[in-house]
Structures are given as C-alpha cells and as structure tokens.
Amino acid sequence: MQSVEVDLILPCLDEAAALPWVLGRLPDGVRAVVVDNGSTDGSPEIAARLGATVVSCEVRGYGAACHAGLEAATAPVVAFLDADASLDPRQLVRVTAPVLSGRADLMLGRRRPVSRDVWPWHLRLANAELSRRIRRRTGVRLHDLGPMRAARREALLALGLVDRRSGYPLETVVRAADAGWRIAEVEVDYLPRSGRSKVTGTPLGAARAVKDMTKVLGR
C-alpha cells in the first residue's frame with residue numbers, strides 16, 4: 001500500500017460538479033482532506049464516497065477552511081488546492097517535490113492560464129499589484145499568489161496564522177518570509193473553473209479580498 005507523504009487540503013463550498021474530476025487525479029502518496037465550509041449541494045457526501053477524508057468547518061471563510069484542514073491533517077507535508085477544478089492535481093508534484101526533498105520550505109504554483117478568458121485582465125492586474133506589494137514588504141520575488149502551495153505541516157502550524165478569510169495565503173507568505181523560509185514558485189496550468197469564484201467572482205467578494213489582504217500587509 002502506498003504510504004501517505006502529503007495531505008492535500010481542499011477547501012470546499014458547493015463543488016459537487018468538480019470533486020469527482022479533482023479527486024480522481026490525485027498523485028500517488030497524496031491523501032485528500034476535503035474541508036466542507038457549508039455546502040448545500042451534497043459535496044461532503046460525494047467526497048466521502050470518493051475516498052476523501054471529510055472535515056466540517058462551520059466558521060465561514062477561505063482561511064477558516066484551510067486552517068481546519070491543516071489542523072486535521074497528519075502527513076508531514078501539506079498542500080492546498082481549490083476544489084473547483086481550476087488546477088490539475090496531477091501537477092501537484094511540482095510544488096510538493098521541492099518541499100519533500102528539503103530544497104524549499106514553501107512552494108507556490110504560479111498560474112499560467114491555458115486560454116485568455118480563463119483569467120480576466122482585471123484579476124491579472126490585481127494579482128500583479130499584490131505581487132509587487134509582497135516584494136516590497138518581504139523582499140520575496142513572486143509573480144502570483146496562487147491557490148496551489150505546499151509546506152511542512154508542523155512548520156506551518158508554528159507560524160501562528162490568524163487570518164480566516166481570503167488573506168490567509170498572503171499571511172502564509174508574509175509570515176514565512178519573516179521567519180526566513182526559502183520560498184519559491186513553479187508554473188502550473190490554470191484551467192476554466194467549475195462555477196463562479198467564491199472569493200473574486202462577485203464585486204463584494206473581490207472587495208472583501210482586497211480588504212483582507214491590505215490588512216495582512218499592514219501588520
């Protein structure tokens with residue numbers, strides 16, 4: 001039986017349509033931890049039927065779901081991935097391998113859209129500005145704060161992350177940089193998502209994301 005090296009944390013809110021594709025493409029040695037954040041479409045039942053460990057997170061928010069998965073995980077390395085089929089789990093090894101081998105402490109997937117309409121221009125512009133502000137705040141040169149990332153579980157817990165909304169990935173980078181971690185990125189394909197983004201798919205969601213991330217950078 002293949003030993004589990006990586007727990008893949010999948011924050012989930014109404015992703016019933018995407019979960020079979022996502023969970024069917026896990027690399028060897030990876031166990032799925034699906035964190036249900038209030039789905040009403042049967043997502044947790046589908047995930048459990050497909051063999052995933054299912055965790056319930058009653059506190060709404062992307063960061064809350066990510067951290068609940070981090071606390072529930074048991075593998076030495078954890079990875080994070082959106083459950084909406086916008087990223088291919090088969091490419092997960094690109095971010096996990098450097099962490100498993102000790103060549104990096106935090107790896108991020110730099111999204112490369114497979115077509116022009118996958119990533120609207122205004123979101124690309126916002127992401128570029130965020131990357132610039134990260135460089136100014138931390139000195140770390142990143143091109144994307146994408147949702148695919150990996151690190152060692154115990155080290156992540158020790159960072160003491162407190163954001164429970166959309167600022168969670170940014171806080172991870174900022175605190176890791178402050179702790180002297182080796183941070184790097186690698187290209188991964190960015191695919192058409194299943195459904196609308198829970199974070200930036202609406203004007204209100206985008207405004208909340210900007211507010212959350214601005215707060216993190218100001219700490």
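A: Start with Arg25, which is buried at a relative accessible area of 19%; buried means under 20%, exposed over 50%, and partly exposed in between, using a 1.4 Å probe and protein chains only. The model is predicted, so local features need pLDDT of at least 70 and side-chain atom pairs count only at pLDDT 80 or more, while totals for chains, interfaces and linings use all residues. Residues are numbered from 1 along each chain as its sequence is written, and side-chain values use heavy atoms, with hydrogens and water left out.

Q: With which residue does Arg25 form a salt bridge?

A: A salt bridge is a side-chain nitrogen of Lys or Arg within 4 Å of a carboxyl oxygen of Asp or Glu. Here Arg25 pairs with Asp88, and their closest N and O atoms are 2.7 Å apart. Asp88 sits in the loop between strand E4 (77-80) and helix H4 (93-100), and Arg25 in the loop between helix H1 (19-23) and strand E2 (30-36), so the pair links distant parts of the chain, 63 residues apart. Helices (H or I, at least four residues) and strands (E, at least two) are DSSP runs, numbered from the N terminus. Asp88 is buried as well, at 11% relative accessibility.

Q: How many salt bridges does this rule give?

A: The count comes to nine. One of them joins Glu187 and Arg112, with the closest N and O atoms 3.0 Å apart. Glu187 belongs to strand E7 (residues 183-190) and Arg112 to strand E5 (residues 106-113), so this pair ties together parts 75 residues apart in sequence. Glu187 is partly exposed at 39%, and Arg112 is partly exposed at 36%.

Q: Is Arg153, which pairs with Glu154, buried or exposed?

A: Arg153 is buried, with 13% relative accessibility, whereas Glu154 is exposed at 55%. Their closest N and O atoms are 2.9 Å apart.

Q: Which residues of helix H5 are buried?

A: They are Asn127, Leu130, Ser131 and Ile134. These residues lie on the same side of H5 because they cover an arc of only 105° around the axis, the arc being that of the directions from the helix axis to the C-beta atoms. The face turned away from that buried side carries the exposed residues Trp121, Leu125 and Arg136.

Q: What span does H5 reach, and what is expected?

A: The expected span is 1.5 Å times one less than the number of residues. H5 (residues 121-138) has 18 residues and reaches 26 Å from its first C-alpha to its last, close to the 26 Å expected. Gly139 follows H5 and has a positive phi, near 85°.
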